[in-house]
Amino acid sequence: MLLAVSGASGKTGWRVVQEALSRGHQVRALARPGSELPAGLEGAELVRLELSDGPALALALSGCQALVIATGARPGIDLTGPLRVDAWAVSSQIRACEAVGVNRVVLVSSLCAGLWWHPLNLFGLILVVKRLGEQALERSSLAWTIIRPGGLGEAESDLEQQTIHYSNADQQQDGRIPRRLVAGVCLDALDTPLSQSRILEITSGTPAEAASGETLASWLANNPERPGNP
Ligand SMILES: NC(=O)c1ccc[n+]([C@@H]2O[C@H](COP(=O)([O-])OP(=O)(O)OC[C@H]3O[C@@H](n4cnc5c(N)ncnc54)[C@H](OP(=O)(O)O)[C@@H]3O)[C@@H](O)[C@H]2O)c1
């Protein structure tokens with residue numbers, strides 16, 4: 001498929017691009033006009049735009065079958081960043097997908113999205129605002145999956161020893177996961193119809209720490225949606 005990835009200059013985004021290319025997809029990598037590009041984007045078609053530019057966004061998404069949203073406010077002194085990026089820019093992307101017929105969207109959100117009492121909220125109420133972005137996607141006409149990873153890591157040396165612990169919404173509050181594994185789960189979700197209309201929390205660890213060790217498809221088959229998971 002032709003897959004668009006927004007936030008492609010970010011540390012999760014470029015790995016989603018790489019993972020998609022390695023699985024045989026064509027990729028349109030969306031980045032801001034001023035984004036510094038990491039090395040991992042070779043092989044993707046690069047489109048630079050502001051996500052607030054509706055016509056440019058619609059054009060960038062035209063012809064794509066799916067979008068992975070890996071944007072997120074970068075920590076800084078501007079406390080409006082989360083609202084602008086994690087709520088408004090997510091909503092812009094959803095509207096553009098609906099306008100041009102991109103029906104499938106995977107959103108990288110965060111563990112604890114929706115919590116009010118959490119130290120991370122010192123940065124622009126980010127967890128509250130992330131839930132607004134999630135809700136915009138849930139209310140859309142799109143086929144959606146929301147991935148809520150734990151704390152993100154860069155290490156890639158022991159990926160083979162890591163197993164992923166999946167859960168439904170609001171089940172995990174702690175734990176970490178390498179960005180490379182998050183990228184893989186985003187692509188797995190696109191291949192797994194059972195992941196549609198699901199919020200999936202993911203952390204990882206050694207098999208002793210992370211009990212599951214299942215693939216996403218088998219975990220979803222064994223864990224139907226529970227009441228309260230939208
Ligand atoms: N860090 C964690 O431990 C953690 C944990 C759970 C969930 N998450 C979430 O996971 C996602 C990926 O995180 P990450 O740390 O891998 O990302 P990251 O490296 O911080 O990259 C963020 C991406 O979003 C883009 N972006 C920021 N502001 C933007 C704007 N106004 N308009 C358009 N694009 C904008 C950045 O573009 P530029 O390169 O141009 O700045 C970059 O491509 C984020 O949603 C994050 O909140 C993070």
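## A helix across the sheet

Helix α4 (residues 126-138) lies across β5 (104-108), β6 and β10 and runs at about 160° to β6. Contact here means heavy atoms within 4.5 Å, and angles run from 0 to 180 degrees between N-to-C directions of lines fitted to C-alpha atoms, for helices over the stretch in contact. Helices (H or I, at least four residues) and strands (E, at least two) are DSSP runs numbered from the N terminus.

The model is predicted: local features need pLDDT of at least 70 and side-chain atom pairs pLDDT 80 or more, while totals for chains, interfaces and linings use all residues. Residues are numbered from 1 along each chain as its sequence is written, and side-chain values use heavy atoms, without hydrogens and water.

## The sheet

The open sheet has 8 strands with mixed pairing, in the order β3-β2-β1-β4-β5-β6-β10-β8; a pair requires at least two bridges found by DSSP. Because β3 (45-48) and β8 (163-167) at the edges each have a single partner strand, one side of each lacks a neighbour in the sheet. From one strand to the next, the twist averages 20°.

Strands β6 (residues 143-149) and β10 (residues 198-205) run parallel and are joined by 5 bridges. Opposite threonine 145 stands arginine 198 in β10. Helix α2 (residues 54-61) also packs on the sheet, where it touches β1 (2-6), β2 (26-31), β3 and β4 (66-69). The direction of α2 makes about 165° with that of β2.

## The ligand

Around the ligand are 23 residues, of which Ser9, Thr12, Ser35, Arg74 and Arg179 come nearest; a residue is near if one of its heavy atoms lies within 4 Å. By class, this shell has 6 nonpolar, 11 polar and 6 charged residues.

Polar contacts are pairs of N or O atoms within 3.5 Å. A polar side-chain atom of threonine 12 lies 2.6 Å from a ligand oxygen atom, and a polar backbone atom of threonine 71 is 2.9 Å from an oxygen atom of the ligand.

How values were computed:
Polar contact = N/O pair within 3.5 Å; in protein donor to acceptor, adjacent residues only side chain to side chain. Nonpolar A, V, L, I, M, F, W, Y, C, P; charged D, E, K, R; others polar.
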